[in-house]
Amino acid sequence: AVPERVAAPGDAVSVRRTADVAGRGFSVAIEPNGDASAGFLRRFMADNEDWLRDLLRRHGAVLLRGFDVPDAEAFNGVLPMQLGSDVTKGAFYDLLYKTVIASVFTLFKGLGNIDPRRSMNAGAGNRVQVLAPASDCIQGPHQESLTLASRLSQRYVAFHCETAPEARGETAIFDTHGAYEDLDADLREVLDTHDWRFRDVSGRPVRDLIPCVVNHDDGGKPCVQVYAFGEMGEAAAEVARGHFRRPNLRPDPYLYGVTGFTLVDRRTGEEREMGYPDRLRLMRALYANSELRRWRGGDIVLLDNVSVAHGRMDGTGARKINFCGICDYRFSVKDYPTPG
């Protein structure tokens with residue numbers, strides 16, 4: 001079938017619905033019709049930030065393909081710090097964000113809580129991280145910095161492919177509203193009325209309770225909030241092995257700040273564990289609403305960090321993916337209504 005076209009501002013780019021290698025997909029792709037330079041892309045994103053934000057709100061994921069963005073420095077140069085003409089902007093907030101990101105990264109790395117092959121690229125605006133290369137270990141679906149209500153201000157997240165993997169090495173992205181719709185009714189009711197309480201690397205409860213489901217900016221659609229590392233990561237790897245028919249998949253051994261979690265009933269305050277069968281059911285709904293983003297050099301993928309989760313897949317070769325957040329300094333997931 002011919003991919004569905006999406007309205008674009010002007011004729012400098014084409015926008016279309018896209019799909020992964022299995023024909024699944026919910027994301028859209030933006031490609032140049034002429035000028036493909038990094039300078040053009042930077043101006044296009046700056047001039048159309050409200051349109052781009054609306055595109056992300058409606059579709060959740062945007063692929064920028066065919067532009068000349070060869071490395072982390074060029075990636076940093078085209079990417080805005082914020083998205084939207086009505087959001088808080090300023091050099092002070094930008095500096096504070098970069099300082100916090102660097103501090104959290106250093107803390108987690110010092111604790112051995114993130115993959116040691118992940119690094120900060122100080123030459124790319126002090127905000128770009130170089131993600132770990134692919135292996136048989138995969139990350140389960142997660143929204144970035146989900147264990148904090150502020151998500152470290154990362155309302156959107158961006159990935160850039162500097163070096164494509166030799167084989168596989170995709171990034172899985174997950175439509176968390178589609179997953180919510182596919183949940184069994186009993187599990188949906190639990191998530192509607194409960195918050196996640198995460199435990200940090202020392203076993204202590206993290207300060208913020210995080211709603212399991214929030215109603216999104218796009219028409220109030222319910223979206224699952226998930227952080228599938230540790231206990232939940234084991235269920236994610238089990239489901240992914242069957243879903244993608246890749247028996248080699250193993251869970252990421254690094255916990256990214258979390259050793260475990262419980263569910264807290266917002267109505268009663270009662271705390272309970274989520275059993276392994278329920279974790280499997282949640283992961284099945286998420287993987288059933290996923291697409292695999294196969295990388296090409298220069299690709300940029302933008303994700304809504306509320307409606308879309310992501311996770312590294314397995315692969316081989318010198319895969320080099322750069323990553324950073326796009327900020328809303330007023331963001332708090334606690335400001336979103338919940339179904340329950």
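**Close-ups of a predicted model**

View 1. Val264 sits opposite Glu271 of strand 17. Strand 16 (residues 260-265) and strand 17 run antiparallel as a pair, with two bridges between them; pairing here asks for at least two DSSP bridges between two strands. Helices (H or I, at least four residues) and strands (E, at least two) are DSSP runs numbered from the N terminus. A quick note on the model: it is predicted, so local features need pLDDT of at least 70 and side-chain atom pairs pLDDT 80 or more, while totals for chains, interfaces and linings use all residues. Residues are numbered from 1 along each chain as its sequence is written, and side-chain values use heavy atoms, leaving out hydrogens and water.

**View 2. Helix 1 meets helix 2.** The axes of helix 1 (residues 38-47) and helix 2 (residues 49-59) come within 5 Å and cross at roughly 80°. Axes are lines fitted to C-alpha atoms, for helices over the stretch in contact, with angles from 0 to 180 degrees between N-to-C directions. That makes the two helices roughly perpendicular, a label for 65 to 115 degrees (under 35 is roughly parallel, over 145 roughly antiparallel, the rest oblique). Phe44, Met45, Ala46 and Asp47 of helix 1 make the contact with Glu49, Trp51 and Leu52 of helix 2, where contact means heavy atoms within 4.5 Å.

**View 3. The largest pocket.** There's about 700 Å³ of space in here, a volume being the space filled by probe spheres set on grid points joined across faces, edges and corners. A pocket is an open set of points on a 1 Å grid over the protein atoms alone, with protein on both sides within 12 Å along at least five of seven lines; a cavity is a set where a 1.4 Å probe fits but cannot get out, and lining residues have an atom within 4 Å of a point. Of the 34 lining residues, Val104, Phe108, Ser145, Tyr227 and Tyr256 lie nearest the centre of the pocket. Helix 4 gives the most to this lining, with five residues.

**View 4. The largest cavity.** Its volume is about 40 Å³. Among the residues lining this cavity are Ile138, Gln139, Phe229 and Asp252.
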